[in-house]
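Work through the exercises below with the model on screen. Try each task before you read its solution.

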Amino acid sequence: MKRRVDKSEGGEPAAGLQQSSPTLKDVRASSQWSLAKIGLICVLVLCGTILILQHVFSDFVDLSRPSDVGLNHTINLYLKPEEGVRVGVWHTVPEHRWKEAQGKNVEWYEKALGDGSPIFIYLHGNGGNRSALHRIGVANVLSALGYHALAMDYRGFGDSTGEPTEPGLTTDAVHLYNWVKKRSGNSLVCVWGHSIGSGVTTNTAVQLLEEGKKFDGIILEGAMLSGRAAAKQGYGHPFSWFYWKFPYIQFFLFNPMKNNKIVFPSDENLEKIRTPIMILHSKDDHVSPFSVAQEIYRIAKKAQNSDERVKLVLFDEKHGYLHNGLYRDHRLPNMLREFVQSLMA
């Protein structure tokens, strides 16, 4: 009896069952794609981990002792912008008063604000606290120039109490300005806003304007155009780090971020501000593109109708300053000195 031969068994494969073995090129492409996905996941995890660690390890800094991080002509103090809220502030005096400042108390530092030296209120960006390296760097640059520097942790940041909200941060900044102004005599009182602190700065400037007050000068570093623009770029809620400290709130009670609206309309605020402004921005800023600085400059310049009262300084990407490193530029002190001198003219 003859055996039927099915060509699907050995020989040629049956129709519909033909398969080709993956080539070396296919294997390599698949491996490269898998590695790319793994690499992307690792980068995302690393970025998230850095943000979390920034908050975790900053808690180990004793913010009541600024000398522990090298600021030995600085005192820590606390202010109460409103009932139930306490904010921490570091006041660094001009470098030439370093020896005189040793061992002095809060009252001495308060009186020092009236010594005629220019005063800068520093409103920092999102994340961490007033002990961050670049924030200490700014304080040192200002102090070396003979200026006072006051760096505040808004409510919810560092050892300050309360929940961070846009109205709350603005209230904190207005309170610090009024506190400084009462002690500053005839000294210039300027503000330096970095990153999201630029939004706090313009909010504060407009609120002071409504009260018949104003900063003598404004510096915007790594500024953002508005909270709306940042949201369109894909940034999440800026204060999510605060709520993740209490995960049970997120998952079992309610979503507090839904009601914590962030606007920071610097684009609109700048149309009302008539204070001299200097805009500092690095071209390789990975958080806020330098095109944002150019738009801020355009709006402010149009509002004030002046090339003299609004300055834009861009730093070349070859320096690698990114979002936080402008304080390292050797030209910065002279830029600041010239800006302050223009305010006195």
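**Exercise 1: a strand and its neighbours**

From β7, I277, I279 and H281 point one way and M278, L280 and S282 the other way, and all are buried (under 20% relative accessible area, 1.4 Å probe, protein chains only). This is a predicted model, where local features need pLDDT of at least 70, side-chain atom pairs count only at pLDDT 80 or more, and totals for chains, interfaces and linings use all residues. Residues are numbered from 1 along each chain as its sequence is written, and side-chain values use heavy atoms, with hydrogens and water left out.

Task: explain why strand β7 (residues 277-282) is largely enclosed by the rest of the structure.

Solution.
- Step 1. Count the buried residues: 6 of the 6 in β7 are buried, so the strand is largely enclosed.
- Step 2. Look to one side: β6 (residues 217-221) runs parallel to β7, joined by 4 bridges. Strands pair if DSSP finds at least two bridges between them. I218 stands opposite I277.
- Step 3. Turn to β8 (residues 310-315): 6 bridges join this strand to β7, and the two run parallel. K311 in β8 is the bridge partner of M278.

**Exercise 2: two packed helices**

Task: at what angle do helices α5 and α6 pack?

Solution.
- Step 1. Locate α5 at residues 166-181 and α6 at residues 196-210.
- Step 2. Read the geometry: the angle is about 60°, and the axes lie 9 Å apart. Axes are lines fitted to C-alpha atoms over the stretch in contact, and angles run from 0 to 180 degrees between N-to-C directions.
- Step 3. Find the contact (heavy atoms within 4.5 Å): among its residues are L169 and Y177 of α5 and V200 and L208 of α6.

Note on methods. Buried < 20%, exposed > 50% of the residue type's maximum accessible area, 1.4 Å probe, protein only.
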